[in-house]
Amino acid sequence: MFVGVAYAQFPPPPPDPNPYKYQEPAEEDESIAAPKVYNFNPLQAKKEIEVGDFNAKRGNFKGAAYRYREATHWDDGNATAFFKLGDASEHLKDYASARDAFAAYLKLVNDKKKTAEVQKRIAQYPKDSADPKPAAGPV
């Protein structure tokens, strides 16, 4: 009986005028979210390349580049993944990333015909492709 009297002294909280309003999610603790660890896994790399090929076939070069980059993390000796990453980055006009991917590809491949083809593609890139940010022009 005594608890009921003490509880009755506090008024009930007012109802929320808009119960469907957006609420910010709770902040994540960054110490919990550890970076992804990649171990040598050529099977996973092969799967990533297959999904990347599907994305590239559909014209989603951003998704394809992501998948090819994942494949290079899983198997850093996979020349196909580096070549396709360079190709997808080239379609995205990210010439710095394409140049890096093709450089890694050239280190892995000994075929002179393919090497010459890749070097021609790299030579066609703009000279200022090392800086991916566009230059600020007059406003």
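**Exercise 1. Decide whether Ala65 is buried or exposed, and find what it touches.**

*Step 1.* Start with accessibility: Ala65 has a relative accessible area of 4%, so Ala65 is buried. The cut-offs are under 20% relative accessible area for buried, over 50% for exposed and in between for partly exposed, with a 1.4 Å probe and protein chains only.

*Step 2.* A word on the source: this is a predicted model, in which local features need pLDDT of at least 70 and side-chain atom pairs count only at pLDDT 80 or more, while totals for chains, interfaces and linings use all residues. Residues are numbered from 1 along each chain as its sequence is written, and side-chain values use heavy atoms, with hydrogens and water left out.

*Step 3.* Now place the residue: Ala65 lies in helix H3. Helices here are DSSP runs (H or I, at least four residues), numbered from the N terminus.

*Step 4.* Look for partners, setting aside neighbours within four places in sequence: Ala65 is in contact with Leu85, Ala88 and Leu92. Contact means heavy atoms within 4.5 Å. For Ala88, which is 23 residues from Ala65 along the chain, the C-alpha separation is 5.4 Å.

**Exercise 2. Describe helix H3 and say which helices its buried residues pack against.**

*Step 1.* Check the span: H3 covers residues 61-74, 14 residues in total, and reaches 20 Å from its first C-alpha to its last. That is close to the 20 Å expected at 1.5 Å a residue, where the expected span is 1.5 Å times one less than the number of residues.

*Step 2.* List the buried positions: Gly63, Ala64, Ala65, Tyr68, Glu70, Ala71, Thr72 and Trp74.

*Step 3.* Find their partners: these buried residues pack against helix H2 (42-57) and helix H4 (79-91).

**Exercise 3. Classify the ring pairs Tyr38 with Trp74 and Tyr95 with Tyr125.**

*Step 1.* Set the rule: rings of Phe, Tyr and Trp (its six-membered ring) pair if their centres lie within 6.5 Å, with planes under 30 degrees apart counted as stacked, over 60 as edge-to-face and the rest as tilted. The count by this rule is 4 aromatic pairs.

*Step 2.* For Tyr38 and Trp74 the centres are 5.1 Å apart and the planes stand at 80°, so the pair is edge-to-face. It links distant parts of the chain, 36 residues apart: Tyr38 is in the loop between helix H1 (2-8) and H2, and Trp74 is in helix H3. Tyr38 is partly exposed at 26% relative accessible area, whereas Trp74 counts as buried at 14%.

*Step 3.* For Tyr95 and Tyr125 the centres are 4.9 Å apart and the planes at 40°, so this pair is tilted. Tyr95 belongs to helix H5 (residues 95-108), and Tyr125 to the segment after helix H6 (112-123), 30 residues apart. Tyr125 is buried, with a relative accessible area of 4%.

*Step 4.* Finish with the cluster: ring pairs link Phe83, Phe102 and Tyr105.

**Exercise 4. Work out how H4 packs with H5.**

*Step 1.* Take the geometry: the axes are 8 Å apart, at an angle of about 160°. Axes are lines fitted to C-alpha atoms, for helices over the stretch in contact, and angles run from 0 to 180 degrees between N-to-C directions.

*Step 2.* Identify the meeting residues: among them are Phe82, Phe83 and Leu85 in H4, and Ala98, Ala101 and Phe102 in H5.

Note on methods. Helices (H or I, at least four residues) and strands (E, at least two) are DSSP runs, numbered from the N terminus.
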